[in-house]
4 protein chains.
Amino acid sequence: MTASRRRLDPAARRLEIVEAAERVIRRLGASARVEDVVREAGAAKGTFYLYFPTWEALLACLRDRTFAAFDTRFPVPAIPEADWLTVVNTLATGFVEFVLELEGLHEAIFHGALAKTAEPGSSDSATLRIAALLRAGAAAGVLAQLDPEPTARLIFAVLHETVDAIAQGEDRARAIGAMRAILTRTLTPAPSA
Amino acid sequence: MTASRRRLDPAARRLEIVEAAERVIRRLGASARVEDVVREAGAAKGTFYLYFPTWEALLACLRDRTFAAFDTRFPVPAIPEADWLTVVNTLATGFVEFVLELEGLHEAIFHGALAKTAEPGSSDSATLRIAALLRAGAAAGVLAQLDPEPTARLIFAVLHETVDAIAQGEDRARAIGAMRAILTRTLTPAPSA
Amino acid sequence: MTASRRRLDPAARRLEIVEAAERVIRRLGASARVEDVVREAGAAKGTFYLYFPTWEALLACLRDRTFAAFDTRFPVPAIPEADWLTVVNTLATGFVEFVLELEGLHEAIFHGALAKTAEPGSSDSATLRIAALLRAGAAAGVLAQLDPEPTARLIFAVLHETVDAIAQGEDRARAIGAMRAILTRTLTPAPSA
Amino acid sequence: MTASRRRLDPAARRLEIVEAAERVIRRLGASARVEDVVREAGAAKGTFYLYFPTWEALLACLRDRTFAAFDTRFPVPAIPEADWLTVVNTLATGFVEFVLELEGLHEAIFHGALAKTAEPGSSDSATLRIAALLRAGAAAGVLAQLDPEPTARLIFAVLHETVDAIAQGEDRARAIGAMRAILTRTLTPAPSA
DNA sequence: AATGAATGAGGTTTCATTCAT
DNA sequence: TATGAATGAAACCTCATTCAT
């Protein structure tokens, strides 16, 4: 019964839950439940609700962690040394690899109920970051002049679809090739001359 | 008791259910339930399962009908009279308008559980059609040479994201402008020179 | 599993549930749960919600049934043969006996969440009936002139408290004696003269 | 960490909790929770259970305090100067006003789980006091001869119902009028003849 | 072919109380 | 004496699907 009443620093316990959730959702995808998470975390159900008001709040947390992890792994160079298009393509390919490694988390975070909860600060941060990139590139004259925000959305959709395609069995090389083609053609500035 | 036991031609009864479902799902979106559909159709719950093995099967059916309706409304000219790029842009804009008019059907058909059920013959028919267009355009030398299938998928994603953006309140003109920019830049053949 | 899928006329099944609920609540009082009722009724949990939108709705139903049963057992004579005070005292004593026999139903129906749901047509029907009696008696000059509605409420409270007292172990004769004293003194008309 | 570990005189700490509970329950009624009380008291959850074995014990304590406050505000004159009936009516009206001012405490103390916990020493103190009054008045020949204890219970029920009626929106004057009528008629001694 | 009553697993959330520190 | 993290038993309600009639 009370065999395992482990008292922990709140931050530590919260982290345990979050990490357990990550493991479980990677495995089970969007069909994971609070029940599954607490079992994996070795905690009681009520403990979950001590740290997250709702299941969706956990998902939002995982999403933010995931984006943060991406930023850490693929930092955007302040001043791109190589040409900007290469930077974008590298980031894009990195994003695809990264999301593919998320396994079930992908489904839970990008599809599902959370998708609609697109608050500016979280889910859209990806879009915002792309928009900033577009703006900077355009200012530097090395990327095409495009309406940053809506274009960023569409680019994100392209990245995301590339992931889904590969996840569904499409040939990786072809999928990435098509993605790079679209990005390159879209972003290459007009041959000014 | 048996007063309302209307015997009907199976096809007719099936159609009744499908059309009732369309009306209801337009109104209620993905939260529509079997219950709602049969009430609207004036049929019994069991009758639903006489015509559809699962709820998802109905959704798949609605999706196919929707794509068929699109084809009827926006037939692809066998031999485009104007330049091909205009045709593509027209179709794309038409698609966006069309999907926006679907109301709740949009959510139910494109998001939700169905998204994964991408059997080649149904959802992908959109993709297949775009791929055919790309292929034809490329053969005619009026569209860029691109890997048709994966590119078609990405183009479809771009269209779809444009719809979602507008549905979420993004300015219509900007959203469509960004879409056209991506399509045009992607599909314009290299200045052969 | 599916051992016991008994198909029943809705009215019959509803009655089964209601009667099962009565038995169970008599036994368990206000702590009875949906679970308990369906177990007793030999039905599935979902079946309960087919007939009652909420647990409280069942309680309201039981309350109405109970009042109806009381009316059947103690019909108010249209034209009281004996003197009116005797009629009132008889009804009052009958009410006390009747409610005492309700066992746990008493607690569930009169105390608990339902108490606040006093819609005119149900719970208050007791009060309304008493008020009518007061009015008729006063008109006939055989009961004191009292403000009918608020007085009826108070009389009902007196009856109810008498039940509670006895249920809590108070001596039955004394409790009923005190009740009759209050009623008699309150309702006896002033010695007009 | 241990910054807020205020060591306090046990009695003082207990009082803090009790007063916090009063404030909170006035505001939230019977839906107040342990959590709310300790937050208001600036204490930890465990501290609550250092002073009260259960939530209900706190409620019982509040009830006793409330009755004590009533006694302070409406002391029963040892030897009533005016006639006894006036005293009773004044007390009764005072009680009604007093309880109405309790706000949420009313619900928590008089209704809810506590109602059944009628230990002689607490809740019934009201009843006991009324009984004493009845006894004294009867001995003095200025109140009717009635069985004191059960009658006191019923009178208390009448007072209480009057409060509930007003709290539920009944016209104050009518409710109090009806109450006084019942009390007066019940307690007026027979015109000895 | 049609009906609609019945099923029951499944999921989220609450909160009094405990106990390791 | 004080803390507050942890517990876990409930409890309600939904709805796709089944199947007796």
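1. B:Thr90 counts as partly exposed because 14 C-beta neighbours lie inside 10 Å. B:Thr90 sits in helix α5 (residues 84–100) of chain B. Its C-alpha atom is separated by 37 Å from that of B:Tyr51, which is 39 residues apart from B:Thr90 along the chain. Helices (H or I, at least four residues) and strands (E, at least two) are DSSP runs, numbered from the N terminus.

2. The model is predicted: local features need pLDDT of at least 70 and side-chain atom pairs count only at pLDDT 80 or more, whereas totals for chains, interfaces and linings use all residues. Residues are numbered from 1 along each chain as its sequence is written, and chains are lettered from A and ligands numbered from 1 in the order in which they are written.

3. Chain A has 9 helices and 0 strands, and its pattern along the sequence reads α-α-α-α-α-α-α-α-α. Of its 193 residues, 35% count as buried. Two residues are in contact if their C-beta atoms, placed from the backbone, lie within 7 Å. Among the contacts in chain A between residues at least 6 apart in sequence, 66% join residues at least 24 apart.

4. Most residues other than glycine have a negative phi. B:Glu103, however, has a positive phi, near 50°, and C:Glu103 likewise has a positive phi near 50°. B:Glu103 lies in the loop between α5 and α6 (104–110) of chain B, and C:Glu103 in the loop between α5 and α6 (104–110) of chain C. B:Glu103 is partly exposed, with 16 other C-beta atoms within 10 Å; C:Glu103 is also partly exposed, with 17 C-beta neighbours inside 10 Å.

5. Within chain C, helix α5 (residues 84–100) packs with helix α9 (residues 172–187) at an angle of about 150°, the axes being 10 Å apart. Axes are lines fitted to C-alpha atoms, for helices over the stretch in contact, and angles run from 0 to 180 degrees between N-to-C directions. On the α5(C) side the contact includes C:Leu85, C:Val88 and C:Ala92, while the α9(C) side includes C:Ile176, C:Met179 and C:Leu183. By class, the residues of this contact are 8 nonpolar, 3 polar and 1 charged. Here Ala, Val, Leu, Ile, Met, Phe, Trp, Tyr, Cys and Pro count as nonpolar, Asp, Glu, Lys and Arg as charged, and the others, Gly among them, as polar.

6. Chains A and B meet through 23 residues from chain A and 23 residues from chain B. On the chain A side, α8 (148–167) and α9 (172–187) are the elements that give two or more residues. That side has 11 nonpolar, 6 polar and 6 charged residues. Of the interface residues of chain A, 91% are also interface residues in chain B, so the copies meet through the same surface. Chain A can be laid on chain B with an RMSD of 0.5 Å by a turn of 177° and a shift of 0.2 Å along the axis. Copies are superposed by least squares on the C-alpha atoms of residues with pLDDT of at least 70 in both.

7. The contact between chains D and C takes 24 residues from chain D and 23 residues from chain C. On the chain D side, α8 (148–167) and α9 (172–187) each supply at least two residues, and that side comprises 14 nonpolar, 4 polar and 6 charged residues.

8. The surface near DNA strand F has 17 nonpolar, 12 polar and 18 charged residues.

9. The surface near DNA strand E divides into 17 nonpolar, 12 polar and 18 charged residues.

Technical notes
A residue is buried if 20 or more other C-beta atoms lie within 10 Å of its own, exposed if 12 or fewer, and partly exposed in between; C-beta atoms are placed from the backbone.
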